[in-house]
Structure formats: C-alpha cells, structure tokens
Amino acid sequence: NGGHWTRLFPGASQFHNHVRGLFGMSPAKGTNGEAVGIVNLLGVGEVPENIANENFLKLYEKSLRPGRNIGHIEVKAESPDQLNAKVWEIVDAVYS
C-alpha cells in the first residue's frame, strides 16, 4: 500500500519515506519542520493505551490474522533522530 499520505504530513508519501529509510536517509521533514512516520500494525490485536493516546491511531476495521495490516500509528517528532527513537519505542511496545 505504499504511497499514501499520512494525516500529519503533507511533505512526502509513506513510500517516499520508506525508500529514504532503505537507503539510510532520514525521513523527509514536514512543512513545519517536524519529522513524521508510520508504524504499520501487522497482525497486532491490541495497541498499548499510552501509545494510542500519544499518537494518531488508525484502524482499518479488518479481521485479525497473522501478518495482515490492520492499521497504523502516525508519529511525529521535532527531528529525524527523535522520530527514529519514538518509532522504535512504539515498535517495541506493540510487538513485544
């Protein structure tokens, strides 16, 4: 599903930032200078309440099965380094 835009970021598509990540580049910055990213929810039945409350959670209303993308969490931070730290914090919380 690469290429859709995050609600929080008008500056680049999810696909664009994915490709940047594959090549070791920082995510593109938004028009307000913030860095924004997405954590897909692949086969995840629950998201910790603090993660859902601190970020934008979008669920697709799909049935749960292993590996299926049932939603995503949009994340924003003041810098690419802060975004990277927040994304990994969310990944650890959701997939641990």
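Me: Where is asparagine 69 found?
Reply: Asparagine 69 is in strand E3. Helices (H or I, at least four residues) and strands (E, at least two) are DSSP runs, numbered from the N terminus. This is a predicted model, in which local features need pLDDT of at least 70 and side-chain atom pairs count only at pLDDT 80 or more, while totals for chains, interfaces and linings use all residues. Residues are numbered from 1 along each chain as its sequence is written, and side-chain values use heavy atoms, with hydrogens and water left out.

Me: Is asparagine 69 buried or exposed?
Reply: Asparagine 69 is buried, because its relative accessible area is 15%. Buried means under 20% relative accessible area, exposed means over 50%, and partly exposed lies in between (1.4 Å probe, protein chains only).

Me: Which side chain has a polar contact with the side chain of asparagine 69?
Reply: The side chain of asparagine 40 does, at 3.4 Å. A polar contact is a pair of N or O atoms within 3.5 Å; within protein, one must be able to donate a hydrogen and the other to accept it, and residues adjacent in sequence count only if both atoms are side-chain atoms.

Me: How many residues of E3 are buried?
Reply: E3 is mostly covered, with 8 of its 9 residues buried. E1 is mostly covered as well, with 6 of its 8 residues buried.

Me: In what sense do E1 and E3 pair?
Reply: E1 and E3 pair in the antiparallel sense, over 8 bridges. Two strands pair if DSSP finds at least two bridges between them. Valine 39 has isoleucine 73 in E3 as its bridge partner, and valine 36 stands opposite lysine 76 in E3.

Me: And over how many bridges do E2 and E3 pair?
Reply: E2 and E3 pair over 4 bridges, in the antiparallel sense. Here leucine 59 has glycine 71 in E3 as its bridge partner.

Me: Let us turn to leucine 57. Which strand does leucine 57 lie in?
Reply: Leucine 57 belongs to strand E2, residues 56-59. Leucine 57 is partly exposed, because its relative accessible area is 29%.

Me: What does leucine 57 touch?
Reply: Not counting residues up to four places away in sequence, leucine 57 touches Leu41, Val47, Ala52, His72 and Ile73. Contact means heavy atoms within 4.5 Å.

Me: Which residues of the largest nonpolar core touch the most other members?
Reply: They are Leu41, Ile73, Ile90 and Val94, out of 15 residues in this core. Strand E1 (35-42), strand E3 (69-77) and helix H3 (80-95) each supply at least two residues of the core. The largest share, 5 residues, comes from H3. A nonpolar core is a set of buried Ala, Val, Leu, Ile, Met, Phe, Trp, Tyr and Cys residues joined through side-chain atoms within 4.5 Å.

Me: Why might one expect such a core?
Reply: In soluble globular proteins, nonpolar side chains tend to be buried together.

Me: What does valine 94 touch, not counting residues up to four places away in sequence?
Reply: Valine 94 touches Leu41, Val44, Val47, Pro48 and Ile73.

Me: Now helix H1, please. Which residues of H1 are buried?
Reply: In helix H1 (residues 14-22), the buried residues are Gln14, Asn17 and Arg20. They lie on the same side of H1, because they cover an arc of only 125 degrees around the axis. The arc is that of the directions from the helix axis to the C-beta atoms. E1 is included in what covers the buried residues of H1.

Me: Where does glutamate 61 lie?
Reply: Glutamate 61 lies in the loop between E2 and E3. Its relative accessible area is 80%, so glutamate 61 is exposed. Glutamate 61 has a positive phi of about 60 degrees although it is not a glycine. Most residues other than glycine have a negative phi.

Me: To finish, how many helices and strands does the protein have?
Reply: The protein has 3 helices and 3 strands. From the N terminus on, the elements run α-β-α-β-β-α. Of its 96 residues, 34% count as buried.
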